[in-house]
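Subject: Structure handover

Hello,

Here is the structure we talked about. Please open it first, then read my notes below.

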Amino acid sequence: MGRGIPDPSPLGVLWHDGHTHSASETIARFHAQVKQHMDGLKARRRGVGVPTCPKAEENGAACRVTRKGLVWRPGGVKLGHGEASEPIAVQHCRCLRHGHFLDYPSFLVPRKHYAAEVVESALSARAQGRTLEEICSVQGLPDTSAVRRWVRDVMVRIPVLLVDVRKRSIKWLAGVRDALHEATTLTPPSFYRVWSLLQGQQRASPDLLRRFPTVSHLALSV
Ligand SMILES: [Zn+2]
């Protein structure tokens with residue numbers, strides 16, 4: 001099993017770059033990413049580098065985005081093993097057509113307290129059939145509740161993703177729609193199957209890879 005799914009390593013392999021990084025390298029890289037993100041927010045100027053609406057269609061023509069305030073996370077972003085970032089902020093935006101959204105940096109998955117890399121590694125390991133206890137030990141999580149929740153969140157989002165795809169009829173999501181339809185008709189739904197389908201679709205599309213750096217982003221952002 002696990003065909004097409006990368007083998008998770010301690011603290012994960014970020015952005016599928018094919019290299020295993022040591023925990024200290026990963027932590028240093030993570031803190032650098034957070035600093036870059038916060039520096040970017042401080043340096044932002046009116047009308048320059050306005051984030052893309054997550055519901056933008058392929059050409060994005062219908063979206064007009066303005067930046068609103070910042071949403072702070074006083075507890076920072078957790079990295080497992082008791083590590084966390086400094087307090088961070090996320091840009092709150094508004095699209096005239098689609099409403100409000102948060103512009104998440106690539107190291108953060110929507111509505112998750114842990115770094116995207118931890119969520120992605122844990123879900124990928126789960127799809128490979130690793131036990132919850134094993135995943136918690138590798139990722140440095142205090143108990144199994146977070147991983148259970150993440151798996152459930154992906155499964156719960158499938159119908160939402162399907163509805164969104166139908167509404168938008170976007171070319172690049174046509175494959176996802178078919179794959180997800182197949183996934184929802186499985187009884188009981190297999191997380192491995194769902195994860196593999198999403199991963200396959202994400203990797204097959206440069207546009208998906210650009211907009212959703214991990215499968216978790218793809219599943220949880222829409
Ligand atoms: Zn929009």
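This is a predicted model: local features need pLDDT of at least 70, side-chain atom pairs count only at pLDDT 80 or more; totals for chains, interfaces and linings use all residues.

Now the buried set. In α1 this consists of Thr 26, Phe 30, Gln 33, Val 34 and His 37. They sit on the same side of α1, because their arc around the axis is only 95 degrees. The buried residues of α1 pack against β2 (78-80) and β4.

The length of α1 checks out. It covers residues 23-43, and its 21 residues should span 30 Å at 1.5 Å a residue. The end C-alpha atoms are 30 Å apart, so the two values agree.

**The sheet**

Three strands form an open sheet in the order β1-β4-β5, and the pairing is antiparallel. β1 and β5 (99-103) are the edge strands, each pairing on one side only. On average, neighbouring strands of this sheet are turned by 30 degrees against each other, direction ignored.

How many bridges join β1 to β4? Seven, with β4 covering residues 88-95. Among the partners, Val 65 bridges to Cys 95 in β4, and Thr 66 bridges to Arg 94.

β1 (residues 65-73) is hardly covered: of its nine residues, the count of buried ones is zero.

**How they meet**

α1 lies across β1 and β4. Its direction is at about 50 degrees to β4.

Best wishes

Definitions and conventions. Residues are numbered from 1 along each chain as its sequence is written. A residue is buried if 20 or more other C-beta atoms lie within 10 Å of its own, exposed if 12 or fewer, and partly exposed in between; C-beta atoms are placed from the backbone. Helices (H or I, at least four residues) and strands (E, at least two) are DSSP runs, numbered from the N terminus. Two strands pair if DSSP finds at least two bridges between them. The expected span of a helix is 1.5 Å times one less than its number of residues. The arc is that of the directions from the helix axis to the C-beta atoms. Two residues are in contact if their C-beta atoms, placed from the backbone, lie within 7 Å. Axes are lines fitted to C-alpha atoms, for helices over the stretch in contact, and angles run from 0 to 180 degrees between N-to-C directions.
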